[in-house]
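Colleague: I have a few questions about this one. Can you put it up?

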Amino acid sequence: MSPQDQVGAFVRAYAALRAEIAKVIVGHGEIIDGVLTALFADGHVLLEGVPGVGKTLLVKTLAETLDLSLARVQFTPDLMPADIVGTNLLVEDQEGRKTFQFQPGPIFAHIVLADEVNRATPKTQSALLEGMQEHAVTVGGASRHLPTPFFVLATQNPIEMEGTYPLPEAQLDRFMFKLRVRYPAIEELNAILDRTTQAHAAAVERVLDAPAVLRFREVVREVPIASHVRDFATRLVMATHPQWEHAPAATRSYVRYGASPRGAQALVLGAKVRALTEGRYNVSMDDIRALAAPALRHRVILNFAGESEAIDPDTLIAELVQTAHAAAARTVEPVLR
Amino acid sequence: MAVTTDAPPIDELLARVRRELRLRRAERGALRGGFWGAVAAVVLLAAQGLLGGIALPLAIGVVCLGAAGGALFAACRRVTGFEAARLADQALGLQDRVATSLELASRPDRGPFFAALVADTAARVAQIGPRRMLARTLPREARLLPLPLAAAAALALLPPVPGVGSWLPAWLGGGGTDQADWRSPTPENRVGPLARDAPRRLAQDPFARTLPQKTPADAVESAGLFKDKALAAPRADFASFLKKGDDRLRMLANTDRLPDLRSDFTSSKYQALLRQARELSSGGRRQNISPRKLADLLKEMERLGKQGGNWEDEVQRGLEAVEDGLYDDALDAMENALDKLRDLEDRQRSRRSLQGGREPQSGSPVDGSFRFGDEPGANDPERPGATAGFGSNPNSRGRPTARLRSTPYTSGVQGVRRGRNPGYESQLGGNAASPAAGRPLAGEIGRYRRMMEDAIAREQVPRDYHEQIRDYFRSLDEH
């Protein structure tokens, strides 16, 4: 299969997926693109939004369009890690012998929906850590591989702070993107009402299966990236670090910790998927710019000054993108002189 | 060797970008060079009084040369393929396709997407077609170019600027001196005012008198080597500066030896004598001096001289001259005696300033000499007024008290730190300072020592403290 055919197939599959999801989900084009980008980049997504904007519905629809297993875990304060990863149960066989048998938890699914993930304690939240990074869990000293593709979609409510546990930084860093699900516009709300109050719900067809997803993931990694584009991504990530010697003033003033190397990986991999979705064979600086906010907003930890002045990470990242782009442009400007 | 993608549209695009970039650079270089050439032309035209008719063509030539040189230099600068590719991507909105293609072409492992990328890029470049890619931008010098050009045009049209040679550099005929002087280079004209004045100052210089005599002509020839000491700045003597500072600090440390500013040196008998002598000779005409006053003054000086002065000989000569009616000789003798008086007064005053105004009340003077203002027997410690608060001598301040002699470092306990634990390290064992007020209580120490021994035996005093407590009482015994 030639690269042109591979890219063509990817573009068609992506468009089909998007169209199927759009049958159910009204609007939220950026959210759908972000979720699909993370799916093909082998990442995980944290969806943040007020209740009732369609986060859970989006995940369920995605699972329906893909021929993949879905497990939903409603995170509650009394949820235990064993409730997620599974546990060894003492069972009795037909001959009356008692043995331990592993009972897999809901994490053993292709798509795991961690609903209201910030309602569980950090201990339970951490049950996802190994699975999200290693695609395996260790129970009773035995490591067990998770099915591939493995895709975690977590949701959280940004306004309800009572009885919630903010995700630890290590957990946040394992999410490739953090997508903010905004409230629908009035036209979108009308469309939602039309669709959800009818007698017949829209039927969604399966577009892709697991092998196809894995194959597209391999194609994504073949997309080349030029060194100056890679440097742009690197500079952008480094600009989130207040300790960096060339860090902008905003970073020095408001940021406590910057993005990890996982942030740079997320930027480049996401940019490769974005390039493929546009039928391009290379990564451009526009791809990096477009994905800077979802890839970095949850990785930038504000300091006290930033928190007290209610600095929005998106605003900060937009400024960093502008600064990094200006620095990249300065490398070309002297050519004209 | 230049990297190529082997795709004609891309390579043609890069070549086109290079050409266009060179053109733009040449334009900018020409404007820059023209600006600086115009600046030089202004200087040349300002000096056309010296240069004559050649100034205008020279100025035009400099402007043209600057523009051509700038353009040539800028056009010859190297343009790499990657620079051209990035410019093409930016200018044509190719989403970094050209730069990525060129970079992949330079790599040994081009990857499976290289051919597809080059084909895609070539197709898009072919669709775009030829068009201007690089916008024309003006350098800063281009905006300023009208200024020197206008100035040059004005200078070319107006008559030559008078006296311009004075601020032109030497190689253009300037030098800051009068032109006539330079055109008639006599030795007198060639030297400056300092050198012209050299013979007179050489004659006045006491050191120069000891040197082999030179003629004025020699002095003029050596004017270049002559050092004008009047204009030379004194060199900073840092060592003496530090020494002065040390002396002042030392004076401040000895507060009881600071100069007594309340003393009135002008009220001494010596000063009164000087005043009378000054009044006597203030008339200026020696024949008007009263012989009686002169004799009285000399007698008074004789009386003071017997108390430690060394001007008795002069005074005797003066008295004899008065008796003989030789008043001029008498006045000369008195002047000599007064000089010695002044010297002694200066020595006294400087010694008081350095050693402090509070003079020692016992013992002999520092140099054994007589001091004005002291009464006979002033050095006797038993005399009335020798002790502060007693007697009638207002000049006497008595002995400095012990409080003035002591410093914060002489009070307290002298000794070494003892003990192992941190808490003991703050304790000092050794001799206490001499507490005069504690002596009446010396008899009580024995009683308290017994109480201490009882307490050590009875109370739960930590063992480490026993020796320390006993040391304390032992130190009281030593006083």
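Colleague: Is Asp287(A) buried or exposed?

Modeller: Asp287(A) is buried, at 0% relative accessibility. Buried means under 20% relative accessible area, exposed over 50%, and partly exposed in between, with a 1.4 Å probe and protein chains only. This is a predicted model, where local features need pLDDT of at least 70, side-chain atom pairs count only at pLDDT 80 or more, and totals for chains, interfaces and linings use all residues. Residues are numbered from 1 along each chain as its sequence is written, chains are lettered from A and ligands numbered from 1 in the order in which they are written, and side-chain values use heavy atoms, leaving out hydrogens and water.

Colleague: Which side chain does Asp287(A) meet in a salt bridge?

Modeller: That of Arg274(A), at 2.6 Å, N to O. The rule asks for a side-chain nitrogen of Lys or Arg within 4 Å of a carboxyl oxygen of Asp or Glu. Asp287(A) lies in helix α13 (residues 285-296) and Arg274(A) in helix α12 (residues 261-277), 13 residues apart. Helices (H or I, at least four residues) and strands (E, at least two) are DSSP runs, numbered from the N terminus. Arg274(A) is partly exposed, at 24%.

Colleague: What about Arg72(A), which residue does it form a salt bridge with?

Modeller: Asp115(A), at 2.5 Å, N to O. Arg72(A) is in strand β3 and Asp115(A) in strand β6, 43 residues apart. Asp115(A) is buried at 6%, while Arg72(A) is partly exposed at 44%.

Colleague: How many salt bridges over all chains?

Modeller: The search finds 33.

Colleague: And how many across the interface of chain B and chain A?

Modeller: Zero by that rule. There are ten residue pairs in polar contact between the two chains, both residues at pLDDT 80 or more. A polar contact is a pair of N or O atoms within 3.5 Å; within protein, one must be able to donate a hydrogen and the other to accept it, and residues adjacent in sequence count only if both atoms are side-chain atoms.

Colleague: Which element gives the largest share of chain B's side?

Modeller: α5(B), with five residues.

Colleague: Changing topic, how many disulfides over all chains?

Modeller: Zero, taking a disulfide as a pair of cysteine sulfur atoms within 2.5 Å. Cys64(B) is partly exposed at 47%, and Cys76(B) is exposed at 59%.

Colleague: Where is Ala75(B)?

Modeller: In helix α3 (residues 55-75) of chain B. Its C-alpha atom is 4.9 Å from that of Arg22(B), 53 residues apart along the chain.
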